[in-house]
Amino acid sequence: MYLGPLEGFQDQLFRPVLGWSRDNIGLLTGRQGIYKLALRWEYAFAVSGFQVFNLDCAIRFDVFTITEETRKRRVSPEALLEKILVQRAFTPYQILDSLMEIYSSTKENTIYFLLAPCKQFFDGDVQDDEGLFLLEKLVLLLERMRSRQIPIVLVESTKYTHPNFQKIFPKLVALSDDLWELNVVEGHSYLKIRKAKSMYEIGTDPNSKQEFIYG
């Protein structure tokens with residue numbers, strides 16, 4: 001299931017999703033800029049005919065990023081936004097319940113974005129032991145979703161200092177077939193493909209680490 005409808009996008013920031021097979025979990029990470037980039041990817045999927053389900057776990061969805069893309073490309077913002085569903089979850093239990101609902105009622109032709117799925121598990125109101133236990137449940141649920149080939153893009157920052165992040169982030173990396181890392185240096189963004197299940201789809205060496213520059 002390759003992304004033929006996205007082939008019209010020439011910008012380098014869309015190249016990683018051109019090679020994404022859409023039958024696994026991808027992880028977009030970095031210290032800054034990742035949520036804006038993820039929303040531009042959401043625009044690309046929506047304008048290409050896909051439905052987008054956005055589980056926003058930390059108020060990271062910004063509608064103006066989407067509408068900015070529609071203005072640049074002369075696309076009707078109203079029609080485009082109808083293809084993007086946003087659901088917010090503010091506690092670990094709400095996040096887990098939302099993921100279980102996705103797992104139980106997956107919709108065809110839909111790409112699922114999870115924005116900052118770990119943040120609420122580090123909240124001061126959540127005890128460290130409880131938070132780690134719930135994060136392990138999050139990983140197990142994501143593994144089940146991966147086994148069903150549900151197309152998911154995890155978008156998570158690497159800025160957390162919470163000790164549980166150091167324990168859980170390597171597990172998110174391990175279960176992701178595609179890993180994209182965004183670095184911002186002096187106003188320029190460098191997107192590195194750390195690993196990719198379908199690297200050959202964009203004409204690259206599957207053993208190399210590709211880097212694209214934009215911004």
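Me: What covers the buried residues of α3?
Reply: The cover includes α2, α4 (77–81) and β3 (84–88). Helices (H or I, at least four residues) and strands (E, at least two) are DSSP runs, numbered from the N terminus. This is a predicted model: local features need pLDDT of at least 70, side-chain atom pairs count only at pLDDT 80 or more, and totals for chains, interfaces and linings use all residues. Residues are numbered from 1 along each chain as its sequence is written, and side-chain values use heavy atoms, with hydrogens and water left out.

Me: Which residues in α3 are buried?
Reply: In α3 (residues 63–73) they are Thr-65, Ile-66, Thr-67, Glu-69 and Thr-70. Buried means under 20% relative accessible area, exposed over 50%, partly exposed in between (1.4 Å probe, protein chains only).

Me: What caps the N-terminal end of α3?
Reply: Asp-62 does, with a side-chain oxygen 3.1 Å from the backbone nitrogen of Phe-64. After α3 comes Arg-74, which has a positive phi, near 55°.

Me: New topic. Where is Asn-54?
Reply: Asn-54 is in strand β2 (residues 51–56).

Me: Why does Asn-54 count as buried?
Reply: Because its relative accessibility is 0%.

Me: What joins the side chains of Asn-54 and Glu-42?
Reply: A polar contact of 2.6 Å. A polar contact is a pair of N or O atoms within 3.5 Å; within protein, one must be able to donate a hydrogen and the other to accept it, and residues adjacent in sequence count only if both atoms are side-chain atoms.

Me: What else does Asn-54 touch?
Reply: Leaving out residues up to four places away in sequence, Asn-54 touches residues including Leu-39, Phe-61, Leu-85 and Phe-113. Contact means heavy atoms within 4.5 Å.

Me: How does β2 pair with β4?
Reply: β2 and β4 pair in the parallel sense over six bridges; two strands pair if DSSP finds at least two bridges between them. Phe-53 stands opposite Tyr-112 in β4.

Me: And how does β4 pair with β5?
Reply: β4 and β5 (residues 152–157) are also parallel, over four bridges. Leu-115 has Val-155 in β5 as its bridge partner. The chain gets from β4 to β5 through helix α6 (residues 128–147), in a right-handed β-α-β crossover. Right-handed means that, with the strands pointing away from the viewer, the path from the first strand over the helix to the second runs clockwise.

Me: Are the faces of β4 covered or uncovered?
Reply: Both are covered. Thr-110, Tyr-112 and Leu-114 are buried on one side, and Ile-111, Phe-113 and Leu-115 on the other. In a regular strand the side chains alternate between the two faces of the sheet.

Me: Now the largest nonpolar core. Which residues touch the most other members?
Reply: Leu-99 and Leu-142, out of 65 residues in that core. Helix α2 (residues 34–47) gives the largest share, 10 residues. A nonpolar core is a set of buried Ala, Val, Leu, Ile, Met, Phe, Trp, Tyr and Cys residues joined through side-chain atoms within 4.5 Å.
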